[in-house]
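Please keep the sequence and the 3D view open while reading.

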Amino acid sequence: MKVSTFRALKVKSRLDGSNPTPLYRQLQTIIRQAIETGAFKVEDALPSERDIAAELEVSRVTVRKAVQGLVRDGLLIQKQGAGTFVASRMEQPLSKLTSFTEDITARGMEPSVVWVERATGLATPEEAMALNLSPGVGVSRLHRIRCADGKALAIELATVPQEFLPDPLVVEDSLYKILDKSGHRPLRALQRLRAELLKSPQAELLGVPTGGPTLYIERRSFLPDMRPVEFTRSHYRGDSYDFIAELYLDN
Ligand code: 16G
């Protein structure tokens with residue numbers, strides 16, 4: 001796609017600096033509509049950030065923020081060294097890759113964390129396999145109870161290669177916030193879910209009786225260049241959490 005596509009869609013005149021909605025959000029809406037209506041075609045390459053900024057007479061930061069948000073939502077993908085492309089349908093996530101903090105805040109509740117442990121160590125064989133690391137590589141582990149409005153909902157053990165999180169102590173509330181800051185926020189994830197009965201240490205940490213139902217979830221998440229950035233094993237209280245997946249007919 002050439003920058004003239006932006007001209008044809010009159011993007012510049014549709015951006016309104018006096019509107020309280022930030023320019024990057026306005027730009028996101030326009031790009032989103034262009035993808036939905038097919039004006040931007042699947043697998044089309046976006047012009048460079050500099051060219052878009054010059055065409056629209058906005059800052060490069062505005063363009064970058066707009067693009068990064070759409071990458072996070074799965075509408076655009078960034079390929080290292082090649083540029084930014086309109087994602088094909090297959091690469092669109094079924095649901096959003098959000099963090100616990102974002103999920104709980106979006107429900108109007110207050111997220112909080114009770115730390116069990118934050119430490120570094122050497123990758124176990126299971127972690128090495130999940131994260132595609134050589135055995136014995138350094139990892140940061142975050143073991144915590146995740147709460148909403150003070151009520152324990154889940155226990156999580158997140159393992160992140162030290163390459164992306166050298167010091168686990170910098171994570172105070174949100175892991176994804178810290179990964180975002182260092183440019184390592186995951187773009188896609190694979191999740192495996194199964195029902196289990198709560199065993200003793202997890203049941204005690206969640207404050208529920210041993211043998212109660214739990215949803216066990218493993219998440220492996222990846223950077224845009226496909227390197228695994230996170231392996232998280234969680235036990236959610238079976239009586240307090242619903243996972244909802246949006247499904248599409250494959251045509
Ligand atoms: C969610 C993720 C977990 C991720 C965490 C980050 C599931 C099953 N798990 O709990 O993999 O590490 O969010 O949340 O959704 P944070 O940024 O609030 O720490």
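The model is a predicted one, in which local features need pLDDT of at least 70 and side-chain atom pairs count only at pLDDT 80 or more, while totals for chains, interfaces and linings use all residues. Residues are numbered from 1 along each chain as its sequence is written, and side-chain values use heavy atoms, with hydrogens and water left out.

**Overall architecture**

The accessible surface of the protein chain comes to about 14,100 Å², and carbon and sulfur atoms account for 53% of that area. Along its principal axes, the C-alpha trace spans about 65 × 40 × 40 Å. The chain holds 9 helices and 8 strands, where helices (H or I, at least four residues) and strands (E, at least two) are DSSP runs numbered from the N terminus. Of its 251 residues, 41% are buried, a term that stands for under 20% relative accessible area, with exposed meaning over 50% and partly exposed lying in between (1.4 Å probe, protein chains only). Among contacts with a separation of 6 or more, 59% link residues 24 or more positions apart, a contact being heavy atoms within 4.5 Å.

**The ligand and its shell**

The shell around the ligand has 16 residues, of which Thr101, Glu156, Ser174, Leu175 and Glu230 come nearest; a residue is counted as near a molecule or strand if one of its heavy atoms lies within 4 Å of it. By class, the shell has 5 nonpolar, 5 polar and 6 charged residues, where Ala, Val, Leu, Ile, Met, Phe, Trp, Tyr, Cys and Pro count as nonpolar, Asp, Glu, Lys and Arg as charged, and the others, Gly among them, as polar. Helix H6 (100-106), strand E4, helix H8 (175-181), strand E7 (213-222) and strand E8 (228-237) each supply at least two residues of this shell, and the largest share, 3 residues, comes from E8.

| Residue | Protein atom | Distance to a ligand oxygen |
|---|---|---|
| Arg144 | polar side-chain atom | 2.8 Å |
| Tyr176 | backbone N or O atom | 2.9 Å |
| Arg219 | side-chain N or O atom | 2.7 Å |

The protein covers 99% of the 460 Å² of accessible area that the ligand has on its own.

**Arg141 in strand E4**

Arg141 lies in strand E4 (residues 138-148), and its side chain is joined to that of Glu127 by a polar contact of 2.8 Å. Not counting residues up to four places away in sequence, the residues that Arg141 touches include Glu117, Arg118, Leu122, Leu157 and Pro168.

**Helices H3 and H5**

In H3, the buried residues are Tyr24, Gln26, Leu27, Gln28, Ile30, Ile31, Ala34 and Ile35, and what covers them includes helix H2 (11-14), H4, H5, E1 and E2. H3 is followed by Gly38, whose phi is positive, near 85°.

In H5, Thr62, Val63, Ala66, Val67, Gly69, Leu70 and Val71 are buried, and these residues pack against helix H3 (23-36), helix H4 (49-56), strand E1 (76-79) and strand E2 (83-86). As background, residues three or four places apart point the same way because an α-helix has 3.6 residues a turn.

**Loop residues**

Phe164 lies in the loop between strand E5 (151-161) and H8, and Phe164 is buried, with a relative accessible area of 5%. Leaving aside neighbours within four places in sequence, the contacts of Phe164 include Leu179, His184, Leu223 and Pro228; from Phe164 to His184 the separation is 20 residues in sequence and 6.8 Å in space, C-alpha to C-alpha.

Most residues other than glycine have a negative phi. Lys10, in the loop between helix H1 (3-8) and H2, has a positive phi near 55° and is exposed, with a relative accessible area of 57%. Asp149, in the loop between E4 and E5, has a positive phi of about 45° although it is not a glycine.

Methods. Polar contact = N/O pair within 3.5 Å; in protein donor to acceptor, adjacent residues only side chain to side chain. Areas by Shrake-Rupley, 256 points an atom, 1.4 Å probe, with all protein chains shown as cover.
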